[in-house]
Structure formats: C-alpha cells, structure tokens
Amino acid sequence: TNAETRYEVLKNQVNPHFLFNSFNTLSSLIQNNQDKAVDYVNNMSDVFRYVLESNKKERVTVEEEIRFLQAYIQMLKGRFGEKLQFKIEIALDFLQFLLPPMAMQILVENAVKHNVVSQKQPLRIRIFTEGPLLTVSNTIQEKKIKEPSTGLGLFNLNQRCKYLSGNELVVKRTEQDFLVTIPLMPYENTDN
C-alpha cells in the first residue's frame, strides 16, 4: 500500500545520515587519538550491526533499543568523554514494550548536534519512562552557531510513530530542558 511504501522510505532515510555523522567523527579521531579511534570503530561495528538488523523490523523492544543505545553512547563518549552525561531510568515493566528502531538514537544525536558539549558545560541527557511513555530529555545549551538542520529526524520519527501506533511524539521545551516523549506500544506476539 501507499502508506507502507512511504513508511519504508522514512525508515531508510535514517541510516545514510547516521553513517555520514559517524565517519566525520572517526575522521577527526584518527588524526587526534588513534586508540580512541580503534574503540570507536569497535562500537561503531556493534551499532551498525544493530542498524542493519533493525532495518528489517518495524518495531523493536525497549530492551533491544537500550542495549543498542549503550553501544552508541560509548561511541559518543569516545568523542566527548565526560562532557556528555547520561542517566537511563527505564521501569522494568516497560522493557518489553515496543517502539520504532533507532528512535532514542535519533533524539540523542539531535541533542548532541544542537547543544554545546564542553568541560565547562557538560550536556546532560536523561532517558526515562513514565507509564507507557519514554522520554529523552536534554539540558538546553544551544550552540551560538547552529549546525544546518533539516528537521527531518524528528519529523520522520513522528511519522513512524503515527504509522505504527497512531500516536504522535510529544515535544516540550522548558527553560532548562528539551524533552521528546515517544509513545510505547504494548508487546504483541508478532514477528515483524
């Protein structure tokens, strides 16, 4: 159907963008710190294995996504070290709930892209559940010079959520924090 075709197109837009960013980071690490570059490549390989496997699925469990996110966080730590701080608080009841693959990664990547990450101002990212809702929040410390942004990451993720669950993302901005909430879907015994 037309909706399915559009959904496939949305899903496939995630990967080239992510790959491009990863190679940029790797390129600078190779020049500056070869040991970190080796660790980065190892984490990158775990991350891309997940990207390829999850690309065949419409939904993944929160547990699978968290495991993937931890490898991705290690990639980011290779680049930023302690300038980036994560707190993950997922209620055990929701580990088997479902969400679109790479949903959390997109939100974490956006947080890093749009905010200052420095020794003086570490970027704090918190991932937590409240009922069947998963929120990724980050402190707002906007870059003076903004990186070009298409806004496609958030738009595509919202479209994927709408297609899969009928629910949209909730985006909220307070004085200190930027929060994006993903509606989780109860686990169904499906093979996709």
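Arg126 lies over the face of Phe128, 3.8 Å from the ring centre. A charge counts as over a ring if NZ of Lys or CZ of Arg is within 6 Å of the ring centre and within 35 degrees of the ring normal. This is a predicted model, where local features need pLDDT of at least 70, side-chain atom pairs count only at pLDDT 80 or more, and totals for chains, interfaces and linings use all residues. Residues are numbered from 1 along each chain as its sequence is written, and side-chain values use heavy atoms, without hydrogens and water.

**Aromatic pairs**

A search of the whole structure finds two aromatic pairs. Rings of Phe, Tyr and Trp (its six-membered ring) pair if their centres lie within 6.5 Å; planes under 30 degrees apart are stacked, over 60 edge-to-face, the rest tilted.

| Pair | Centre to centre | Angle between planes | Class |
|---|---|---|---|
| Tyr50 and Phe68 | 4.2 Å | 15° | stacked |
| Phe94 and Phe97 | 4.9 Å | 70° | edge-to-face |

Tyr50 sits in helix α2 (residues 34-54) and Phe68 in helix α3 (residues 62-80), so their pair ties together parts 18 residues apart in sequence. Helices are DSSP runs (H or I, at least four residues), numbered from the N terminus. Tyr50 and Phe68 are both buried (under 20% relative accessible area, 1.4 Å probe, protein chains only). Phe94 and Phe97 are buried too.

**Helix α5**

Helix α5 (residues 152-165) has 14 residues. From first C-alpha to last, α5 reaches 20 Å, close to the 20 Å expected at 1.5 Å a residue (1.5 Å times one less than the number of residues). Its buried residues are Asn156, Leu157, Asn158, Arg160, Cys161 and Leu164. Gly166 follows α5, with a positive phi near 80°.

Terms used. Helix = DSSP H or I, 4+ residues; strand = E, 2+ residues; numbered from the N terminus. Buried < 20%, exposed > 50% of the residue type's maximum accessible area, 1.4 Å probe, protein only.
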